[in-house]
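Colleague: I would like to go through this model with you, one point at a time. Shall we look at it?

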Amino acid sequence: MYAERVLSGMRPTGRLHLGHYHGVLANWVKLQHEYPCLFFVADWHALTTAYDEPGTIAQNTWDMVVDWLAAGVDPSQATLFIQSRIPEHAELHLLMSMMTPLGWLERVPTYKDQQEKMTHKDLTTYGFLGYPLLQAADILIYRADRVPVGEDQVPHIEFTREIARRFNHLYGREPGFEDKARESVKKLGSKRAKRYEELRTRYQERGEQAALDQAHVLLNETQNLSLGDKERLFGYLEGGGKMILVEPDALLTEASRMPGLDGQKMSKSYGNAITLREDEESIRKKIRTMQTDPQRVRRTDPGDPEKCPVWQFHLIYSGDDVKSWVQQGCKSAGIGCLECKQPIIDAVLKEQEPMRERARMYEEDPQLVRNIIADGCEKARKLTQETMRDVREAIGVDYS
Ligand code: TRP
Ligand code: SF4
């Protein structure tokens, strides 16, 4: 069976933290064993908002790739690359821009939301409006079937599907497709033609998958039908002509439950994060000084784990036995907060041990990282060139 292709991108924001690990990277590491995966640094997307701080992007990219590798993303399983090294993304973006109604872009909810949030920056730019279209190009150029993203990105995947549909509708048809298809139907013979039309209607008007399947069987069984007629009849069943671009599905990533050291969402800008390659002593210190239940002033005061950010960490890192030890010990003042934090310190350090190990290798020899990316770019580029050949031909700008 055809293996579904997975693709996802991340903007280069620099060093990643535990929130990225539990929210995104752990999922990538799992997916790379299940599907052919493509993961890339969306550096052009970073430029849509950071166009006035160009000095930060390259370093952030390399730091982020090392974090991916440290987290266990495996370049022998997944293809890792940088968006801007694959100019075909830009070509597809440009070609699709010709058929993208402005209103579709203006209606994408992130457009207004982000503009309102980032008031310190002028985001009334052409590039920022086109953000979702660039993302659509990233996805469609690999004919990716599944795109792991968080909930905030779902409208972008929906938008991508609409663009693919519009593209296939405009360019997937040969001239006079409808007429030719009707001619091909006649060649089935009157009985089969009637059956075909009936199944086609049931599928198109009522979305009956079974009708589509039966129609496929009918076509496959029909003898002495030319290949051209057959292909056309397959295409006609689903409404269009050829399917040049594939509509992807979002693979919804569960929101990370990883809280920051203060119980708010973990984020670099809140200063409440533990990064993926953090020095052991710094991790110990951060956790030891973490806020606890404010009601628990003295060691003898009982506390309530529900009101304590440390408990949120136990939910992620501890097994049932430790969790009930915390519940009991906290509520009865049987354990101290430092004692309660020790299993967390141990678990975070243990989780990071292999990461630190892998990162060390790449930090000592940055050329390794460059080679991994060069390999990934080469593989990715081959895939994009195949798609672009079909796209240029369909639009009529292939000159071959
Ligand atoms: N917009 C995505 C984000 O902010 C990043 C991204 C760019 C992406 N292109 C993509 C994600 C293609 C998935 C597929 O997280
Ligand atoms: Fe929080 Fe643990 Fe202290 Fe209770 S004992 S307040 S859960 S750190």
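Colleague: Which residues does Asn-168 touch, not counting residues up to four places away in sequence?

Modeller: Asn-168 sits in helix H9; helices (H or I, at least four residues) and strands (E, at least two) are DSSP runs, numbered from the N terminus. Contact means heavy atoms within 4.5 Å. Leaving out residues up to four places away in sequence, Asn-168 touches Arg-173, Lys-242, Met-243, Ile-244 and Leu-245.

Colleague: What are the ground rules here?

Modeller: This is a predicted model: local features need pLDDT of at least 70, side-chain atom pairs count only at pLDDT 80 or more, and totals for chains, interfaces and linings use all residues. Residues are numbered from 1 along each chain as its sequence is written, chains are lettered from A and ligands numbered from 1 in the order in which they are written, and side-chain values use heavy atoms, with hydrogens and water left out.

Colleague: Is Asn-168 buried or exposed?

Modeller: Buried means under 20% relative accessible area, exposed over 50%, partly exposed in between (1.4 Å probe, protein chains only). Asn-168 has 10% relative accessibility, so it counts as buried.

Colleague: How far apart are the C-alpha atoms of Thr-160 and Val-246?

Modeller: Thr-160 is also placed in helix H9, residues 154–171. Thr-160 is buried, at 0% relative accessible area. Beyond its neighbours within four places in sequence, Thr-160 contacts Ala-136, Ile-139, Leu-140 and Pro-248. Val-246 lies 86 residues away along the chain, and the C-alpha separation is 9.6 Å.

Colleague: Which residues come nearest to ligand 1?

Modeller: A residue is near a molecule or strand if one of its heavy atoms lies within 4 Å of it. There are 14 residues around ligand 1, and those that come nearest are Arg-11, Tyr-131, Gln-135, Asp-138 and Gln-153.

Colleague: How much of ligand 1 does the protein bury?

Modeller: Start with the polar contacts (pairs of N or O atoms within 3.5 Å; within protein, one must be able to donate a hydrogen and the other to accept it, and residues adjacent in sequence count only if both atoms are side-chain atoms). A nitrogen atom of ligand 1 is 2.7 Å from a side-chain N or O atom of Tyr-131, and a polar side-chain atom of Asp-138 lies 2.7 Å from a nitrogen atom of the ligand. For Gln-153, the distance from a side-chain N or O atom to a ligand nitrogen is 2.9 Å. Taken alone, ligand 1 exposes 360 Å² (Shrake-Rupley method, 1.4 Å probe; for residues, only the protein chains shown count as cover), and the protein buries 92% of that.

Colleague: Which element gives the most to the shell around ligand 1?

Modeller: Strand E1 (6–10), helix H8 (131–140) and strand E4 (146–149) each give two or more residues. The most, four residues, come from H8.

Colleague: Which residues does His-45 touch, not counting residues up to four places away in sequence?

Modeller: His-45 lies in helix H2, residues 43–50. At 3% relative accessibility, His-45 is buried. Leaving out residues up to four places away in sequence, His-45 touches Arg-11, Gln-83, Tyr-131, Leu-134, Gln-135 and Asp-138.

Colleague: How many of the 15 residues of H3 are buried?

Modeller: H3 covers residues 57–71. The buried residues include Ile-57, Met-64 and Trp-68. H3 is largely enclosed by the rest of the structure, because the number of its 15 residues that are buried is twelve.

How values were computed. The expected span of a helix is 1.5 Å times one less than its number of residues.
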